[in-house]
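Subject: Structure handover

Hello,

Here is the structure for your records. The notes on what was found in it follow below.

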Amino acid sequence: MINQIKGLHHITSLASDARENNAFFTNVLGLRRIKKTVNFDAPDVYHLYYGDETGSPGTVMTYFPFPNAGRGRNGVGEVGRTSFSIPTGSSQAWLDRFAAFQVNGVSTDVRFGKKRVLFEGPDGDLFALVESDDERAPWTGNGVSDAMAIRGFHSADMRLRDGSASTELLRFMGYEKQETEGNISRFVVPDGNEANAIDIEVMPGAQYAAQGAGSVHHIAFAVENRARQLEVREALLDTGYQVTPVIDRDYFYAIYFRTPGGVLFEVATNEPGFDRDEDTAHLGEALKLPSQHEHLRARLESLLEPLA
Ligand code: ZN
């Protein structure tokens with residue numbers, strides 16, 4: 001078992017419309033756009049990052065908006081729902097806000113004793129707000145007060161036909177089973193960054209997911225620095241996982257590996273962070289390109305639709 005993983009780092013999903021995506025995450029959810037860059041592997045497409053003031057690990061939702069992408073189909077072998085934490089007692093304020101913005105798929109329930117507001121993003125992306133005591137300082141604005149603002153990720157749901165191999169993997173990554181309710185088991189990493197939980201939902205007969213707009217592409221786990229990342233990489237390789245080399249993503253270093261249930265995992269460093277090429281006061285405003293794509297700037301600036 002390893003102990004370098006400290007919770008989620010970011011979650012990356014697919015979208016069909018950059019402007020709609022940007023408007024939803026900033027105006028409706030009240031997150032801060034902390035980086036506007038491109039998909040390093042397909043620079044014709046934006047890579048948009050939303051989070052708290054500085055894009056702290058454990059708060060960062062990111063999107064690849066592929067114009068006119070077809071919608072994904074929910075199923076097993078994917079992260080089915082992403083959950084953010086909100087202050088205890090703030091569900092009603094969110095229900096009122098979602099009604100005002102005509103957000104789709106809104107309902108409420110209780111999981112592991114915590115109230116949740118379920119809702120959908122612009123591409124049918126499945127989300128929840130979970131009431132929890134979370135000390136992280138939120139980004140506020142756009143009509144979202146400190147009393148209701150999102151604190152960061154609460155958890156992610158992995159939907160699987162068979163949860164045993166992924167359970168074993170999470171335990172290896174330092175997660176401990178906390179509770180089980182029906183077909184859902186919650187795993188929590190101790191001493192994490194507050195984005196500490198992964199729920200495994202076992203759905204034996206369900207169809208496999210098909211990735212498209214609204215689907216989670218991968219989830220990334222946080223490690224403090226590159227040295228810790230190399231330790232994790234070695235440990236995963238020793239256990240038989242096929243892990244990519246370390247890839248420089250400008251704002252963090254990344255390694256990727258496919259889990260037994262089909263979900264793509266990444267391990268990302270907390271260093272160097274999103275303020276490495278922009279002042280904190282102006283994060284997310286300018287189009288930032290990695291050095292290998294800087295020569296494409298003129299073409300990309302005319303191709304990518306302007307965002308508010
Ligand atoms: Zn990633």
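Along the chain, the donors of the zinc ion follow the spacing H-x207-H-x47-E. They are His10 (NE2), His218 (NE2) and Glu266 (OE), which coordinate the ion at 1.9 to 2.1 Å. Donors here are N, O and S atoms within 2.8 Å of the metal (3.2 Å for Na, K and Ca); water is not among the atoms, so sites may look incomplete. Histidine 10 lies in strand β1 (residues 8–15) and glutamate 266 in strand β16, so this pair ties together parts that are 256 residues apart in sequence. Histidine 10 is buried, at a relative accessible area of 2%, and glutamate 266 is buried at 0%. Buried means under 20% relative accessible area, exposed over 50%, and partly exposed in between (1.4 Å probe, protein chains only).

The model is predicted: local features need pLDDT of at least 70, side-chain atom pairs count only at pLDDT 80 or more, and totals for chains, interfaces and linings use all residues. Residues are numbered from 1 along each chain as its sequence is written, and side-chain values use heavy atoms, with hydrogens and water left out.

On the sheet: 8 strands form an open sheet with mixed pairing, in the order β6-β7-β8-β5-β9-β12-β11-β10. Its edge strands, β6 (107–111) and β10 (176–181), each pair on one side only. Strands β9 (residues 152–160) and β12 (residues 197–202) pair in the parallel sense over 6 bridges. Serine 155 stands opposite alanine 197 in β12. Two strands pair if DSSP finds at least two bridges between them; helices (H or I, at least four residues) and strands (E, at least two) are DSSP runs, numbered from the N terminus.

On the aromatics: a search of the whole structure finds 18 aromatic pairs. One of them, tyrosine 251 with phenylalanine 274, is stacked, at 5.5 Å centre to centre and 20° between the planes. Tyrosine 251 is in the loop between β14 (247–248) and β15 (252–258), and phenylalanine 274 is in the loop between β16 (264–272) and α5 (297–303), 23 residues apart. Tyrosine 251 is buried at 2% relative accessibility, and phenylalanine 274 is buried at 2%. Rings of Phe, Tyr and Trp (its six-membered ring) pair if their centres lie within 6.5 Å; planes under 30 degrees apart count as stacked, over 60 as edge-to-face and the rest as tilted. One aromatic cluster includes Phe24, Tyr50, Trp94 and Phe153.

Regards
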